[in-house]
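Good morning. I will take a few minutes to walk through one model, starting with its sheets and ending with some backbone details. Please have the sequence and the structure open.

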Amino acid sequence: MAVGTVLITGGTGYIGSFTALALLDADYKVVIVDNLYNSSKVSLDRIEILCGKRPDFYEVDITDEAALDKVFAAHPDIDSVIHFAALKAVGESSEIPLEYYRVNVGGTISLLRSMTKHNVANIVFSSSATVYGDATRVPNMIPIPEHCPIGPTNPYGRTKSMIESIITDHVEAQRNNSKKEGKPFEKWNGALLRYFNPAGSHPSGIMGEDPLGVPFNLLPLLGQVATGQREKLLVFGDDYASRDGTAIRDYIHVVDLAKGHLAALNYLRNNHPGVRAWNLGSGRGCTVFEMINAFSKVVGHPLKFEVVGRRAGDVLDLTANPARANEELGWKTELTLEDACEDLWRWVSNNPKGYRQDPPEAFLKAAQEGKTLKASAA
Ligand SMILES: NC(=O)c1ccc[n+]([C@@H]2O[C@H](COP(=O)([O-])OP(=O)(O)OC[C@H]3O[C@@H](n4cnc5c(N)ncnc54)[C@H](O)[C@@H]3O)[C@@H](O)[C@H]2O)c1
């Protein structure tokens with residue numbers, strides 16, 4: 001029997017699909033809603049190949065409260081939600097901010113309203129280290145702890161910090177209202193998961209990030225340079241106050257990140273903490289040049305790059321202090337940056353068209369047998 005049933009919004013996307021897999025592996029039942037704006041239903045097939053179980057899927061827009069109501073009504077066993085569905089391109093958020101507020105903030109309000117109508121009381125939310133903004137503006141905040149003051153520097157980050165406040169206010173109100181009515185209040189809980197930089201793919205080589213459009217994260221861009229789909233990587237600024245002048249980020253393997261969601265979900269269901277924020281990062285900072293070197297090593301030749309000016313809204317250092325998640329959730333990263341590079345290379349070199357192609361036969365067979373092949377095995 002399933003330990004519980006969880007609705008995952010944005011569950012066909014990059015982090016959502018890995019989280020669905022982690023939950024199914026831990027014997028949860030999974031229901032996904034996604035409008036496929038930036039993802040493919042093929043991810044459901046890959047989840048099924050890897051764990052032998054398939055999530056239920058509904059093509060639903062997160063802003064459509066009536067459609068969400070129907071999904072909850074069809075699955076009265078859902079007791080928790082993991083909420084990924086969002087627009088996430090930092091640069092684009094300054095060009096079309098209203099769309100970001102409509103989908104991210106408006107979509108979350110529709111979701112919370114629908115959850116409340118159906119008495120679904122736990123929410124795990126995809127926040128971001130972006131909510132901290134430039135943590136170097138405050139003394140002694142690198143690596144960044146959860147008590148670092150919030151200060152997002154772009155509309156995308158502001159949607160995330162607004163949603164954190166909305167979830168906090170909503171859970172608090174539901175707890176207070178339940179207390180007044182003499183009803184159990186502990187069941188209302190929220191986890192605000194502030195991710196650092198998700199990276200990597202499934203070690204099987206059959207599941208990974210497949211953004212529809214131009215990627216804007218460092219590793220997928222490097223992957224495109226390595227496969228020849230992109231001529232060179234643009235490095236935005238080499239005049240930061242870091243060891244080599246490029247910006248510092250904390251890369252976290254997507255398999256570890258998915259397990260972090262499982263740990264937070266279990267914590268909410270077992271410990272009823274109310275609303276709590278947790279950083280999900282490794283605690284290890286890596287510069288852009290260090291990342292280019294690490295990925296070049298895995299690919300086997302140097303990758304071309306060009307240094308250009310700084311990008312507006314970028315900050316010097318986003319390195320996590322993950323102590324709170326380590327201690328309270330019993331979670332820590334197990335995979336390294338080098339693992340992320342190897343797994344990404346296995347995925348992009350064997351699936352240059354992402355989910356728009358079948359993976360090589362040898363990889364499918366190995367995945368079914370739970371084996372990991374070298375990137376060059378096809
Ligand atoms: N990847 C990162 O670097 C990163 C870092 C921090 C936080 N996050 C957050 O994590 C979450 C997942 O990110 P990801 O990298 O997996 O991105 P993704 O684009 O792969 O996943 C988001 C999913 O949401 C879906 N979606 C978008 N708009 C929707 C709508 N209106 N209705 C229903 N579904 C919709 C997309 O189709 C996609 O499947 C997002 O909330 C993002 O902001 C991502």
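**Sheets, ligand shell and loops**

Strand β6, residues 189-195, pairs with β11 in the parallel sense over six bridges. Two strands count as paired if DSSP finds at least two bridges between them. The strands (E, at least two residues) and helices (H or I, at least four) are DSSP runs, numbered from the N terminus. Within this pair, A191 stands opposite R276 in β11.

Before I go on: this is a predicted model, where local features need pLDDT of at least 70 and side-chain atom pairs count only at pLDDT 80 or more, while totals for chains, interfaces and linings use all residues. Residues are numbered from 1 along each chain as its sequence is written.

Now, which sheet do β6 and β11 belong to? They are part of an open sheet of seven strands, in the order β3-β2-β1-β4-β5-β6-β11, with parallel pairing. Its edge strands are β3 (56-59) and β11 (275-280), and each of these pairs on one side only. On average, neighbouring strands of this sheet are turned by 20° against each other, direction ignored. For angles, axes are lines fitted to C-alpha atoms, for helices over the stretch in contact, and values run from 0 to 180 degrees between N-to-C directions. Contact between two residues means that their C-beta atoms, placed from the backbone, lie within 7 Å. Helix α5 lies across β1 (5-9), β4 (78-83) and β5, and runs at about 170° to β4.

There is also an open sheet of three strands, ordered β12-β9-β14, with mixed pairing. The edges here are β12 (286-287) and β14 (317-318), each pairing on one side only. β9 (residues 248-249) and β14 run parallel and are joined by two bridges. I248 has D317 in β14 as its bridge partner.

Next, the ligand. How many residues surround it? The number is 28, and the closest are G10, G13, Y14, S39 and A86. A residue is near a molecule if its C-beta atom, placed from the backbone, lies within 6 Å of it. Elements giving two or more residues to this shell are α1 (14-25), α5 (97-117), β5 (122-128) and β7 (197-199). α1 gives the most, with three. By type, the shell has twelve nonpolar, 13 polar and three charged residues. Nonpolar means Ala, Val, Leu, Ile, Met, Phe, Trp, Tyr, Cys and Pro; charged means Asp, Glu, Lys and Arg; the others, Gly among them, are polar.

Is α1 mostly covered or mostly open? It is mostly covered, with eleven of its twelve residues buried. Buried means 20 or more other C-beta atoms within 10 Å of a residue's own, exposed means 12 or fewer, and partly exposed is in between, with C-beta atoms placed from the backbone. Among the buried ones are Y14, F18 and L24.

Last, the backbone. Most residues other than glycine have a negative phi, and most peptide bonds are trans. D27, which follows α1, has a positive phi near 70°. N119, in the loop between α5 and β5, has a positive phi of about 65° although it is not a glycine. Why does N119 count as exposed? Because it has 11 C-beta neighbours inside 10 Å. H272 is not a glycine either, and its phi is positive, about 45°. Finally, a cis peptide bond joins I142 and P143, with omega about -5°.
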